[in-house]
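Here is a short briefing to read alongside the coordinates.

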Amino acid sequence: MGLVIGIDTGGTFTDLVAFDPATGRIDSLKTSSMPSNPGQAIVNALSEGGIAGGEIATFTHGTTVGTNALIERTGCKVAFLTTRGFEDTPFIQRINRKVLYDLRWQKPAPLVSSRRLCLGIDERMGADGEELRPVDADEVRALCRELRQAGVEAVAVCLLFSYVSTEHEELVKSILAEELPELPVSVSHEVAPIWREYERASTTIADAYLRPLLGRYVTSLSQALRDVGMLREWTIMKSNGGAMLASAASESPVQTVMSGPAGGMTATEHVARALGEPNVLTLDMGGTSADVGILVDGRQRHTTEYEIEWGLPAAVPLIDIKSIGAGGGSVAWVDAGGFLRVGPRSAGAEPGPICYGRGGTEVTVTDANLLLGRLDPGYFLAGRMQLQSTLLDEPFARLAGRVSMEPVELAASVLEIANENMASAIKMVSLERGHDPRRFSLLAFGGAGPLHAASVARVLGIPRVIVPRFPGVFSALGLLLADIRVDKVWTQAFRSNDVDAALVNRQFDRITERAIDELRQEGYQGEPEIRRAINMRYFGQNYEHEVEIAGGVLDDDGLADALRRFDALHAERYGYAIEGEVVELVSFKVTAIGRRPALDLAYRDEPAGSPPVTRPVYFRGTGFMDATVVHRSSLAIGETIAGPALVEEAGSTTLVEPGMTVELHEQGALVIETGASA
Amino acid sequence: MSGPRLDQVALTVVDNYLTSCCRDMGVTMMTTAYSPIFNESLDFSCVIFGPSGDLLAQAEFCPSQIGTIKFTVDWTIEELGLDAFEEGDVVLHNDPYRGSGHVPEHMLLKPVFWEGELIAFVANVAHMSEVGAKTPGGLSGDATEIYQEGLLLPPVKIKRRGEDVDDVWRIILSNHRTPRVTLGDFRAMMGSLDLAERRIHTLVADYGLEFFRAASAELMAIAERRMRAEIESIPDGTYTFTDAIEDDGISEGSYPMVLTLTIDQGSVIADFTGSAPQAVGPVNAIYAVTASAVYNAFLHLTDPTIPRNEGCYRPFTIIAPPGTIVNCAFPAPVAGGNTETSPRITDMIFGALQEAIPDRVAASCGGTSSPFLFGGIDPRTDEPYAHFHFEGVGWGGRRGLDGNNMVVTINGNCRNTPVEVFETRYPAFRIESYRLVTDSGGPGEFRGGLGGERIFTVTVPEVTVSALLNRMKTEPWGVLGGGEGAVGGLWVRRSGAGEWRTFVEEFGTMSPSKFSGVTLHAGDQVKILMPGGGGYGDPLARDRELVRRDVGEGFVSEGAARAVYGLTGELG
């Protein structure tokens, strides 16, 4: 039995976690990312870890190749084919604006680079899927010649009402395949079978935009892995928290936009189960951003609301994670009104925070942590990087002067604002959906998460903070644990007083079969777990909520039960239900999950390491206090330390505020009791 | 824990909390409402007020509503008295002659109590798609009295101590053509107020009431200070500008609006003395709408990070003589004052200041919501339907930047209704096309944004339509040598006919753009043209590469590139 490997490529670091099922041993390491050649960083990580390709049993990858190409606009030249008359859809968008009172605001540019690459087909489906004008195959063939001449690298097809009737899109797709067999084609009913033509088009364009790039990436990484002796199929993490074969991912790249953060949520699910914590909020804070997620009753929340930037949606299934610009590298600045603000801009990896000594001059969150004694300049990344405290004096004095503060007070304010920003994001994923954060535990990971989690928990009144093992490479750990997951959707609206249950069940069976087929194609051999759900709304509403069908079959009882659950869900979210109102059943979803064999991640380490020392750490209200500083590996199970304290380890540092305690749980997690009562 | 200090960190936190609370009220409205005008177009605003009616926070909603709701709330408090509010009450109000923007805009106001004491109000104002006017959807373009514009509601409680006041509900629901949708939308509004009430309770529980009060007062003081500082950066002086509303749906006449703007050491006086007497038709603005439009302009000209609360409005004095188009007297109709006259007033401020602050202004935007109303009986369900359809416009060029193509006019921040939602919800029309219009952006060194065109075909035996458009006769102006954007308008082509004609030519309406209650039949087509934005600066000074790119992209025709921009030689 070989190694189970997870590698997560982030903006700054590439993280590797290797699990040996034979011994139960887990190894991890961080190496620098190489944005110009991300695959090389992966090969480097394997070699640094002393892992030969032949030893690898399974390899799952979390990648930002797609996400970065969307953000940096380095995807391909894509053409957009749509129903004639609607060629300008990507340019017109939804006509609202992001910032209310800003005459300088610019509408976001679509990923399709020119209006001349937006071409109409003289066809039309009606709202009920009835054909109003057929597709003229000759016309489409003529368009193909235009596309070839224009030198496009991929094509996005989005015809009106294709989520109701897929016929025309399928026909256009087959003609494109005949005429332009070498061109990748993304088709809207496959990429995102949702209503609202702009959102569906934008998602489909994003998919096509990434096709050549992700295809090349997967091909070259496969080759590099083969070169080091790794001959097996490997998988990529999707935004929905499931893994898919790399070859399949290269054909639906928009599914990978939240690949990295999805790993973190998958690991969260596992750790929460092991610790017996059903309700968990997560804080994944890295160098440039903080991701916040939620687990309710042990289950992740899923959504389809993702925006490449404001106004450019990519509506694919993803774990509901809220990202904000609050990371270690987030820059502190003073706005025109003299108010101190932090982020969303980040100093990134280059030049990075001032204390990295790479020429950074702007005060960042990491700098504030260092100034206040919360980071050990000699033990950043386990001593692989020396932080330079002396560089901080002048920039802190300068910024502090602008807001009439002392430098330490400024540093404390920077942390406080960053923490408040993260607390707001946590409120968005909890309070707003009817969940009281005080009834949750906060699980912190990412390089900077454990340093801020206790303070964020205090702000929110959260009683318990959990810092899992391997917090610095937690997302990579999640990759080891990812199941294979396929979501399939069938869209047709029914009113609850007139449901064709036989048809619905037939369609459920049909898409279940397709989902299982796909699971097989992705290499899964076992018995899949199937979940069936219906997206519902009160007749008149335009936004739906997913309601799971308990027995999987929609008979009279199943429908009545689903309607009751929809009412309950609506009441939970919005404070009211409209009992007896007609409900629209909008779309039908099947999720097929291929469970990977469970990994035994039990904690077996014996305490080893140096005895605690003390270091002055600044806290608002008390000033500098002596804090206990201990290495995580020196803690024994059940051992408790009173704050103020810092628990250091290779990838992260955990801060325990005065008045709080931290204990090493039997599963190896650090558990901080904040003193807030639930 | 001791009470939190009122430092700038705490103030930022409170401001962000209240602003995100307003945003979340909006999300609740969007996800739970029944009409596309709410759940797709987002034609509503959610705001928080202090206990005496001072605006504390808002988010990215419709500027005209936000500016006006101040007056609506003030009036409500004055008419009912603060003592009238009890915990769990919800007050409904839409009467323009009591401070509402126009009849379709319904305000719900809920008092928030803490330990028995009134500490805040939460409110939303939303454009209901059906209001029981003379024609479906309201905004009847040829109304001559406010009574024709829909059911008027003075401030009345629709909930008293948490219980529905059934009598009032029954009156409203029997006056609207689409009571089921009206009720669904009101529920969404009330749900969003409940959310805000809970959120304010959480804030006060966390920080204490005294802190909440002190922070509110300080945030308003900061906003006022910063607003005055921004106004001080505009050279003191008196500036003038004139524009006109082209017709009122009743007669041919044009209605000039005259602005004399005085900037004086951080204060602003916007004086509309000299503007035309009020119109017979529905293009009149009430005072609150005019004031709101002035605020809107200055909020656009100043730092977007200023906390958007009552303090922002303190530096302004607005003079609008009663009985004029900018401050009409009862019972003149007002529907278009809020949708059409409002953006024109806002743009006039930019026009007046173009020489004084050329870096900050923009040329005129298309300046119309292109309101197109329709209704009938849905043959699929036999249920009545009504819709207020509106469109985007091109925005004006700015120094260094072309205007945006197709964005909703400056008094709103609504979204369009997707074709797929529109045709699913409304059986009356099929949409044939929705596109940008070449050469509609005003020429300039920085070109105006493009307007658009939409063509509908009637797919039911009959449907009743009304309209209240503007800018069909007079072009959106440019600044500093920039040219005019293209006009918009409305055309009809009867089933089987070859030519587009105006509604005047086809149906004998008084105005081509403002009328009500015209019946169209299966196969008839309607075309809405949306105006472009004005240009900024001399088109001959435009970067030649940009002119060539515009031709390449079809934003500008080759003919116009040569004739207007003076492009010579190869297009490349």
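## Around helix α1 of chain A

Gly50(A), which comes just after α1(A), adopts a positive phi of about 65°. Please keep in mind that this is a predicted model.

- Helix α1 of chain A spans residues 38-48, and its buried residues are Pro38(A), Gly39(A), Ala41(A), Ile42(A), Val43(A), Ala45(A) and Leu46(A).
- Those buried residues of α1(A) pack against the strands β1 (3-9), β2 (13-20), β3 (25-32) and β4 (56-62), and also against the helices α2 (65-72) and α7, each of them in chain A.

**Chain A as a whole**

- Chain A contains 16 helices and 35 strands.
- Along the principal axes, the C-alpha atoms of chain A fill a box of roughly 75 × 60 × 55 Å.
- Of the 678 residues in chain A, 61% count as buried.
- If you take the contacts in chain A between residues at least 6 apart in sequence, 67% of them join residues at least 24 apart.

**A closer look at Arg148(A)**

- Arg148(A) belongs to helix α4 of chain A, which covers residues 137-150.
- Is Arg148(A) buried or partly exposed? Its relative accessibility is 44%, so Arg148(A) counts as partly exposed.
- Setting aside neighbours within four places in sequence, Arg148(A) has contacts with Glu179(A) and Leu180(A).
- Arg148(A) and Arg520(A) are 372 residues apart along the chain, and their C-alpha atoms are separated by 35 Å.

**Where chain A meets chain B**

- The contact draws 69 residues from chain A and 88 residues from chain B.
- About 7,000 Å² is buried between the two chains, and carbon and sulfur atoms give 51% of that area.
- Which three residues supply more than any others of the area that chain A buries against chain B? They are Ile95(A), Tyr101(A) and Leu103(A), which together supply 14%.
- There are 46 residue pairs in polar contact across the interface, counting pairs with both residues at pLDDT 80 or more.
- Several elements of chain A each supply at least two residues to the side that touches chain B, among them α3 (89-92), β22 (340-346) and α16 (556-574).
- The largest share of that side, 6 residues, comes from α12(A).
- By class, the side of chain A that touches chain B has 29 nonpolar, 13 polar and 27 charged residues.

**Salt bridges between the chains**

- Side chains of opposite charge can pair when their charged atoms come close.
- Between chain A and chain B the count is 7 salt bridges.
- One salt bridge joins the side chains of Glu420(B) and Arg200(A), at 2.7 Å from N to O.
- A network of salt bridges links Arg94(A), Arg196(A), Glu199(A), Glu40(B) and Arg415(B).

**Salt bridges within a chain**

- Over all chains, the whole structure holds 80 salt bridges.
- In chain A, the side chains of Arg464(A) and Glu277(A) form a salt bridge at 2.7 Å, N to O.
- This pair links distant parts of the chain, with Arg464(A) in strand β24 (residues 464-467) and Glu277(A) in the loop between α9 (259-275) and β13 (280-285), 187 residues apart.
- Arg464(A) is partly exposed at 28% relative accessibility, while Glu277(A) is buried at 12%.
- In chain B, Glu130(B) and Arg177(B) form a salt bridge whose closest N and O atoms are 2.9 Å apart.
- Glu130(B) sits in the loop between β5 (117-127) and β6 (156-160) and Arg177(B) in the loop between α4 (166-175) and α5 (179-207), so the pair ties together parts 47 residues apart in sequence.
- Glu130(B) is buried, with a relative accessible area of 1%, whereas Arg177(B) is partly exposed at 29%.
- Arg548(B) and Glu545(B) also meet in a salt bridge, at 2.9 Å from N to O.
- Both residues of the pair Arg548(B) and Glu545(B) lie in helix α11 (residues 544-553) of chain B, 3 residues apart, about one turn of the helix.
- Arg548(B) is partly exposed, with a relative accessible area of 25%.

Conventions
Residues are numbered from 1 along each chain as its sequence is written. Chains are lettered from A and ligands numbered from 1 in the order in which they are written. This is a predicted model: local features need pLDDT of at least 70, side-chain atom pairs count only at pLDDT 80 or more; totals for chains, interfaces and linings use all residues. Side-chain values use heavy atoms; hydrogens and water are left out. Contact means heavy atoms within 4.5 Å. Buried area is the accessible area (1.4 Å probe) that two parts lose on being put together, summed over both. A salt bridge is a side-chain nitrogen of Lys or Arg within 4 Å of a carboxyl oxygen of Asp or Glu. A polar contact is a pair of N or O atoms within 3.5 Å; within protein, one must be able to donate a hydrogen and the other to accept it, and residues adjacent in sequence count only if both atoms are side-chain atoms. Helices (H or I, at least four residues) and strands (E, at least two) are DSSP runs, numbered from the N terminus. Ala, Val, Leu, Ile, Met, Phe, Trp, Tyr, Cys and Pro count as nonpolar, Asp, Glu, Lys and Arg as charged, and the others, Gly among them, as polar. Buried means under 20% relative accessible area, exposed over 50%, partly exposed in between (1.4 Å probe, protein chains only).
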